[in-house]
Amino acid sequence: MIRKSRVLVAVSAVLALGVTAACGGGDSDSDSNNSNASAPEFNGGLTKVFNPSDKKGGTIRMANEGDWDTLDPGETYYGYSWNFLRLYGRSLLTYKVEAGPAGNELTPDLAEGLGTPSDGGKTWTYKIRPGIKYEDGTVIKSADVKYAVLRSVDKETFPNGPAYFEQFLNLPEGYKGPYKSKGVNTDSAITTPDDTTIVFHLKQAFSGFDYMAALSQTVPVPEAKDKGAQYKQHVISSGPYMFDQNNAGKNFSLKRNPNWDQATDPVRKALPDRYEVALNVNADDIDNRLISGDLDVHVTGTGVQPAALGRVVGDPAIKAQTDNPYVSRLWYTSIVGTVAPFDKIECRQAVEYAADKVGYQTAYGGPLSGGDVATTLMPPNIPGYQKFDLYPSPEGKGDAAKAKELLTACGQPNGFETNIAYRAERPKEKATAESLQQSLAKVGIKLTLKPFPQGDYFAQYAGNPPYVKANKLGLVVNGWGSDWNDGFGFLSQIVDSRVIRETGGSSNASVRDPEVDKMLDAAILNQDAKAREGQWAAIDKKVMEDAYILPGIYAKSLLIRPKTLTNVFVSASYNMYDYTALGVA
């Protein structure tokens, strides 16, 4: 493995430091003057606002090691994109812009308040704040939110986005969105009694619908300005910033929206004048530029790469400019049952035993910048997590004897060949694929590495079932962060077989078990929260028994805190810096 020696040195340095992330309540004193700038402090952005200030002006410089999946709020499905999107789009609800645990709480955004349930939780009503305008001065109406949600269910046009609304809304049979089902009456699913009221009608009660109202798919879209798949080239802003330039695959920039009114927006302060985002920038170069101060934010929020880790943790001055949050995310590898011989459970289980989990952890930079070795799907900070290990191995480095026994049972005593997919722009994923290549080779499983672009990874490649099968992508390096902080928000979009889309864009790349689907449906209907948590744990265990997912690590990240910015803190909901709070020093 190319970076192995460098990573091991860095990990040894980290272990010697014995660093543990801080946690607890936050200080949201953002009214302080920046002349009282905070002194550099390790984890200084976890429990309080670092460098609080209300100063306006300046430009925030960001970089992405790959391309955006899409800027369209109806389709984007990366956590960093949802974080960033709040700069130019306002969903019905959002999360509080506060440090500490409060950042995980829902708060009204486009809506005046949280949803009002009726009909036993099958109907949810929201009132929209009056007078909010798009960038062109047009007043936003409830019909625009209805249109935005309905267009998002068209998974042929928008393959990447989550599938909650098509699962829960009482849509007409066969409805495919306003382009393909033009003129179809959708009042069975969403009604707008007046310009400031929107009512959602569900097929079954769902007590967590407010979380769906916080999805980017509820950001309003004016039908007259919609251009379908091309809308992403210039999304019409409902937030404090609007697009200035958008050069696909290279960069884009935001400038102030002159029709945004602070009086209608209790969430955002909109301090900078401008955001500039560079795309397809080498990940190691991003780290170097963050350290030098030539760049402000690594927008994907995945943290320091292994190449820079030793330098960052070994220099007290640089280490003092970092934050080390736990993340509600699992880094894992999908084991695809539609690619032979993984259609046989014993072959999948052989991978579970053969994998070197310590090598997986090392690929992500070790315990500090990577996280803890995982044996389940749900991380420990998700309600319903239960600790278990169905595939134990000595010191977590794999059990070759047990793996070979299972290979014999599945008719592959000498092993077999398959391909492993990963995102080309992510050094940690390449290192993961290389680590698995080494550990699985010990039992005769030969892996060929297949890198694919981040922006289309799920739409065209790893999340496109026909492509996966045709190109024998038996293993898919993957990662998942909770859509919201409970078992359903974490599990449903990666284990429910009904979210798999043959046209591409599937967040679930491997789990196809009707029993798991039934278990999810039963858990949703359970009104007892504690009992429901037990059901999430049972689903976790069932998927692990099926061996469709190889858990790698429960994620942590080591974020380089921008020394040029103000109001810096880690959002509890996005597990990275809150982009709506930032200002320029």
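This is a predicted model: local features need pLDDT of at least 70, side-chain atom pairs count only at pLDDT 80 or more; totals for chains, interfaces and linings use all residues.
**Entry 1: the five-stranded sheet**

I looked up the strand order first. The sheet is open and has five strands, which run E8-E9-E10-E1-E11 with mixed pairing. I then asked why one side of E8 and of E11 has no neighbour in the sheet.

For E11 I followed the pairing with strand E1, residues 59–63. These two strands are parallel and are joined by two bridges. I noted methionine 62 opposite valine 297 of E11.

**Entry 2**

I moved on to strand E4 (residues 116–118) and strand E5 (residues 123–127). They run antiparallel, with three bridges between them. Serine 118 faces threonine 123 of E5. The hairpin of E4 and E5 has four residues between its strands, and there I found aspartate 119 with a positive phi near 55°.

E5 also pairs with strand E7 (residues 197–201), in the antiparallel sense and over five bridges. On this side I recorded threonine 125 with valine 199 of E7 as its bridge partner.

**Entry 3: the largest cavity**

Rolling a probe the size of a water molecule over the atoms shows where empty space remains. I count five cavities of 30 Å³ or more in the structure. The largest cavity holds about 740 Å³ of space.

Which of its lining residues are closest to the centre? Out of 47 lining residues, they are Tyr78, Gly79, Trp82, Gly481 and Asp483. The elements that give two or more residues to this lining are helix H2 (79–85), strand E2 (93–95), strand E13 (326–335) and strand E17 (475–481). I sorted the lining by class and got 19 nonpolar, 22 polar and six charged residues.

**Entry 4: the second largest cavity**

The second largest cavity has about 110 Å³ of space. I list 13 residues in its lining, and those nearest its centre are Leu290, His298, Leu559, Ile560 and Tyr577. Helix H6 (283–292), E11 and strand E19 (559–560) each supply at least two lining residues. By class, I find nine nonpolar, three polar and one charged residues around the second largest cavity.

Conventions: Residues are numbered from 1 along each chain as its sequence is written. Side-chain values use heavy atoms; hydrogens and water are left out. Two strands pair if DSSP finds at least two bridges between them. On a 1 Å grid over the protein atoms alone, a cavity is a set of points where a 1.4 Å probe fits but cannot get out, and a pocket is an open set with protein on both sides within 12 Å along at least five of seven lines; lining residues have an atom within 4 Å of a point. Grid points are joined across faces, edges and corners, and a volume is the space filled by probe spheres set on the points. Ala, Val, Leu, Ile, Met, Phe, Trp, Tyr, Cys and Pro count as nonpolar, Asp, Glu, Lys and Arg as charged, and the others, Gly among them, as polar.
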